Amino acid sequence: MKKTIIPTLLLLLSMSVMGQSSRPAFKPGEWLKFRIHYGILNASYATLHLTSENLDNIPVYHVVGKGRTTGFASIFFKVDDTYESYFGREHGKPYKFIRKIDEGGYTKDIEIEFDYDKDKAILIDNKNDIKKNIAIHDGIQDLISASYYLRSNYNLEEFEEGESINLDMLFDDDGVFKFQLKYLGKEILRTKFGKVECLKFRPLVQSGRVFKEKESLTLWVSNDWNKIPIRIKADLAVGSLKADLDGYNGLKNQFKIIMD
């Protein structure tokens, strides 16, 4: 569970999917906060913060994602995770990815540097003092940059219900894997901010020890120019998990709320 759930949630929580390139969906300063429930427990909070920087003289966006357990849940399973991504402002290609996690004593400290001139990524495992090369291509994404790439390069008007997006992703020493997201249509959700019309998606995951079935995850994002995540639900092999948008700041566009 600890190897799969947190990375998957961070990807989905950052996923303002299918933005329309004619009007940017995000800007530096965007900050999102999510409350995560495991069963009846208020298990943890996750935040995402986007800034604009330069990395080796390359103009990049820098996203920091943090996830931590709180309160009663932290007694049973303590989580303290940080994920960072640096990706190009112009084309969205990742240049550097950082993963530092502590999940109930399971720890990782990984950095990935992307070298497109040599078609390789250099993975540095700081915990085990290991360095290795992984073959990549120009279309590769990391765990965090993938969501911003999707919101910048896909237009929902071009999709029909049941259609899927496939994306090659690299975020760990397991190598490149294929991420798939299926569009399910529209749905109105009640939230702490009011009613929000959402676009509904089904990320396809591997069934088995963590998830009940291949289609155990559901994602809802706001049907406005921001395309921010509103809710995620997951049916796990043991229990269920839900994450809801709990706070936001610095959105590029107006957050569309349906007035009763």
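**Salt bridges, core and confidence**

Me: Which residues are linked in a network of salt bridges?
Reply: Arg99, Lys108 and Asp172 are linked in one. This is a predicted model.

Me: Is Asp172 buried or exposed?
Reply: Asp172 counts as buried, because its relative accessibility is 6% and the cut-off is under 20%. Lys108 is buried too, with a relative accessible area of 17%.

Me: What about Arg68 and Asp80, what do they tie together?
Reply: Their side chains meet in a salt bridge at 3.0 Å, N to O. Arg68 lies in strand S3 and Asp80 in strand S4, so the pair ties together parts twelve residues apart in sequence. Arg68 is partly exposed at 37% relative accessible area, and Asp80 is partly exposed at 34%.

Me: How many salt bridges does the count come to?
Reply: Ten.

Me: Changing topic: which residues touch the most other members of the largest nonpolar core?
Reply: Phe97, Ile112, Phe114, Leu170 and Ile230, out of 61 residues in that core. Beyond its sequence neighbours within four places, Phe97 is in contact with residues including Tyr83, Ile110, Leu143 and Phe171.

Me: Where is confidence lowest?
Reply: In terms of helices and strands, helix H1 (residues 5-13) is lowest, at a mean pLDDT of 56. Separately, pLDDT stays under 50 over residues 206-215. Where pLDDT is low, the predicted coordinates should not be read in detail.

Note on methods
Residues are numbered from 1 along each chain as its sequence is written. This is a predicted model: local features need pLDDT of at least 70, side-chain atom pairs count only at pLDDT 80 or more; totals for chains, interfaces and linings use all residues. Side-chain values use heavy atoms; hydrogens and water are left out. A nonpolar core is a set of buried Ala, Val, Leu, Ile, Met, Phe, Trp, Tyr and Cys residues joined through side-chain atoms within 4.5 Å. Buried means under 20% relative accessible area, exposed over 50%, partly exposed in between (1.4 Å probe, protein chains only). Contact means heavy atoms within 4.5 Å. pLDDT is the predictor's confidence in each residue, from 0 to 100. Helices (H or I, at least four residues) and strands (E, at least two) are DSSP runs, numbered from the N terminus. A salt bridge is a side-chain nitrogen of Lys or Arg within 4 Å of a carboxyl oxygen of Asp or Glu.
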